[in-house]
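Trainee: Please take one part of this model and go through it closely. I want its surroundings spelled out.

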Amino acid sequence: MTTQTAFDLIFRNTLLRSSATPVDIGVKGGRIAAIEPRLACEGVEIDVGGRLALPGFVDTHIHLDKACLLERCGHIHGTLGDAIRAVSAMKRNFGIDDVYARGARVLERAILHGTTRMRTHVEIDPRIGLRSFEAVKALKRDYAWAIDLSVCVFPQEGLTNDPGAEELLVQALRDGAEAIGGCPYTDTDPNAHLARIFDLAQQFDLDVDLHLDFDLDPSWSHLDEVCRQTEQRNYGGRVAIGHATKLSALPPERLKATTAQLARTGIAVTVLPATDLYLMGRDASHNAPRGLTLAHKLVESGVLCSVATNNVLNPFTPFGDASLLRMANFYANVAHASVGEFDTCLDLVTELPARLMNLDDYGIKVGNPADLVVLDIRDSRFAIAELPDIVMGFKNGRQTFERRRPTLFTPRN
């Protein structure tokens, strides 16, 4: 038993996924200083009441810069190409304040839904310039009290075919971007696109996070080139691919071989259920394919995976509330996850995306930042199934939000 004169904060009666019975968590200087069944010490106390605490949800793939655009869309966007063209036209008129306001709207909802870490992808090209990047940098600064925001810059509309895009990318990389992405399927020379993205990643020592293979045609793929670049540059563990809906269209033997290739090269996969389901299979007259890659099955085969938000209320995804718990539940439903796989589905929005982003200080462990969100549930196995309320959150030991439990007013006899 640890005996100290004082902690800054003590969480009493806290259930962790790793503990069979509730424990106490002592916080000092914004970090976890002790985790024991009964801490004998003084300090401000919060009784968690035996409810589940998590280190917060981790969103590896979201686009804050183009969120909340539905009111500006004058027509229905049914395909990926339609959505790209629609946003391309709109972003010419995006201002820094506009991007900031729309991004803040989504960021605040994510915080209230328990997200404590996030990687946002930001488009960089001659049409938007660095305006979105400047807005997101301001969001990163202004919301650091509640969430760690990492910025991944990428050219949505190609690179080799878009003069001026690379120079702007380099400028953003020099000015603090923390990862670089790519979108080879929009480039006239996809392999050159990928090679240049990897060149810049090595030059600035950054992780790579790509949009890749976003369709259901199994006859071609850019994944082999990504694997080749990853192995050639010894970049395993630093590369992620988002969407990868082609994997859902592969027959079993090809999927098995591709899965082994991903595991061997150390390339992670992020599945984006809301967007993938909305845009894939729209041309089917009946028996429409889901277009959803089964992340929890890839995890079983040694592939690092995450489930993330992607877009919120825009032509790519006209839905969304930035809740990763809801997204994991949505994924589990559509992916036919069994009850025994619910824990892995929770991993897909917590531990696994933290590994994907190489977050060494993530988790409720002594020495780590005191980042906790409390769920109104007493058994982590049912967090995915029940979608419990997320009642409070803390960042570096400071409370960031509280959700009061709903009250049911039953009639009196």
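Mentor: Buried means under 20% relative accessible area, exposed means over 50%, and partly exposed lies in between (1.4 Å probe, protein chains only). R119 is buried on that scale, because its relative accessible area is 3%. The model is predicted, so local features need pLDDT of at least 70, side-chain atom pairs count only at pLDDT 80 or more, and totals for chains, interfaces and linings use all residues. Residues are numbered from 1 along each chain as its sequence is written, and side-chain values use heavy atoms, without hydrogens or water.

R119 sits in strand 9 (residues 115–123). Strands are DSSP E runs of at least two residues, helices H or I runs of at least four, numbered from the N terminus. Contact means heavy atoms within 4.5 Å. Beyond its neighbours within four places in sequence, R119 touches D59, T60, H61, I62, S150, C152, A179, D207, D209, L356 and M357. A89 is 30 residues from R119 in sequence and 25 Å away in space, C-alpha to C-alpha.

Now helix 4 (residues 165–174). Its buried residues are A165, L168, L169, V170, A172 and L173. Their cover includes helix 3 (131–142), strand 10 (148–154), strand 11 (179–180) and helix 5. The axes of helix 4 and helix 5 (residues 190–204) come within 11 Å and cross at roughly 25 degrees. That makes the two helices roughly parallel. On the helix 4 side, E166, L169, V170, L173 and R174 meet R196, I197, L200 and F204 of helix 5. Just past helix 4, G176 adopts a positive phi of about 110 degrees.

Definitions and conventions: Axes are lines fitted to C-alpha atoms, for helices over the stretch in contact, and angles run from 0 to 180 degrees between N-to-C directions. Angles under 35 degrees count as roughly parallel, over 145 as roughly antiparallel, 65 to 115 as roughly perpendicular and the rest as oblique.
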